[in-house]
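Subject: Handing over a structure

Dear colleague,

I am passing this structure on to you, and I would be glad if you could look through it alongside the notes below.

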Amino acid sequence: MSKLIALSVFCLCSSAAWANTRPDSHAPIGVMGDHVHKKGEWMMSFRTMRMSMHGNRNGTSSLSPEDIVQTQKNAFAAMPMQPANLRVVPRKMNMEMQMLGAMYAPTDRVTLMAMTSYKNTEMDHLTFMGGMGVQRLGTFTTETSGLGDTQVSALFQLGSGIDASWHGTLGVSLPTGDNEEIDEILTPMNIRPTVRLPYPMQLGSGSFDLISGLTYSNHSAKLGWGSQWRSVLRVKDNSDNYRLGDEHQLSTWGSYMVAPSVSLSGRLTYMHKGNIRGKDALIMAPVQTADPNRHKRQRLDAGMGANWILSNENYRLGLELTVPVWQRLSGPQMETDWGLSLGLQWSPSS
Ligand SMILES: [Cu+2]
């Protein structure tokens, strides 16, 4: 009998040990809300992410700026002073995001999570002369920076064995990011007004959005694997009379422990993002990013990453690079080139 108790105590400890001391007990750093905590535990995290976009495509084929102004209709052509075709083409976009997160588990069943962000976005454009030709007029860059939206969610432990674990996620995204950012542009008439910037340059959705998800993870002696579905549902228009498209994401990863404190990971992520419903009456320009119907995108990303547990076991470091292997855009839209995430997580020792 005492042997049995000793064995079950050992099992409990080894399962608890997986949650804390193996590098692969957390998913690749690009996955949000991938793990739960035990009662009383808390964790702080800092992530820095960078995403780079370059060039345009429609569907799965690339389009040059000249292709775009010759073939793509301006959604606002019926309005006064608006050209028939698009005349401004975005060519490059960089987004940097700093994310600060906290997790706390009031019980073994529920882990609370909050995460806020600071964003910096830059977009380079090319403006063609008014009319129908392909004469280039000039270039300009728009830039925004500031607080992004803030997510507050609860992770519910649905089941856990010694190896496997399931949890569900339910949360809200709070509109702490500004969605009325302005900057100077260059129009095809060669004037430089300051206007409200198109949707991709805004820092937040402007609306309260619903977050839901389901995560599974498992491991063996040296391997770890898991899967996560996560959606952001825009349930209500914001005060500017639109809502961004819903986002759905399915991620599957596998990892291998190359040392007791280091694991390497591979990940595949399918992402689907919908078009914008409604529109902001102040966002109107002969550029694809101002058109609510040019935002739907589907993408399959491949990721490579590593997790380290630092010599002080309370700290973990994660790095992940993702590259699209396929993308289909209701375009023209800018295509994603790569994304990089670096994160540090800290849990005080109990
Ligand atoms: Cu955590």
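This is a predicted model: local features need pLDDT of at least 70, side-chain atom pairs count only at pLDDT 80 or more; totals for chains, interfaces and linings use all residues.

Residues are numbered from 1 along each chain as its sequence is written.

Strand β7 covers residues 165–174, where strands (E, at least two residues) and helices (H or I, at least four) are DSSP runs numbered from the N terminus. The covered face of β7 holds S165, H167, T169, G171 and S173, whereas W166, G168, L170, V172 and L174 make up the uncovered one.

Two strands count as paired if DSSP finds at least two bridges between them. Strand β6 (residues 150–160) runs antiparallel to β7 and is joined to it by 10 bridges, with Q157 standing opposite H167; these two strands form a hairpin with four residues between them. Strand β10 (residues 209–219) is also antiparallel to β7, through nine bridges, and there D209 is the bridge partner of S173.

Turning to the loop between α1 (2–21) and β1 (42–59), we find D34. D34 counts as buried because it has 22 C-beta neighbours inside 10 Å, the cut-offs being 20 or more other C-beta atoms within 10 Å for buried, 12 or fewer for exposed, and partly exposed in between, with C-beta atoms placed from the backbone. Leaving aside residues up to four places away in sequence, D34 touches H26, A27, T215, G226 and Q228, a contact meaning that the C-beta atoms, placed from the backbone, lie within 7 Å. D34 and G226 are 192 residues apart in sequence, yet 8.9 Å apart in space, C-alpha to C-alpha.

Key: Two residues are in contact if their C-beta atoms, placed from the backbone, lie within 7 Å.
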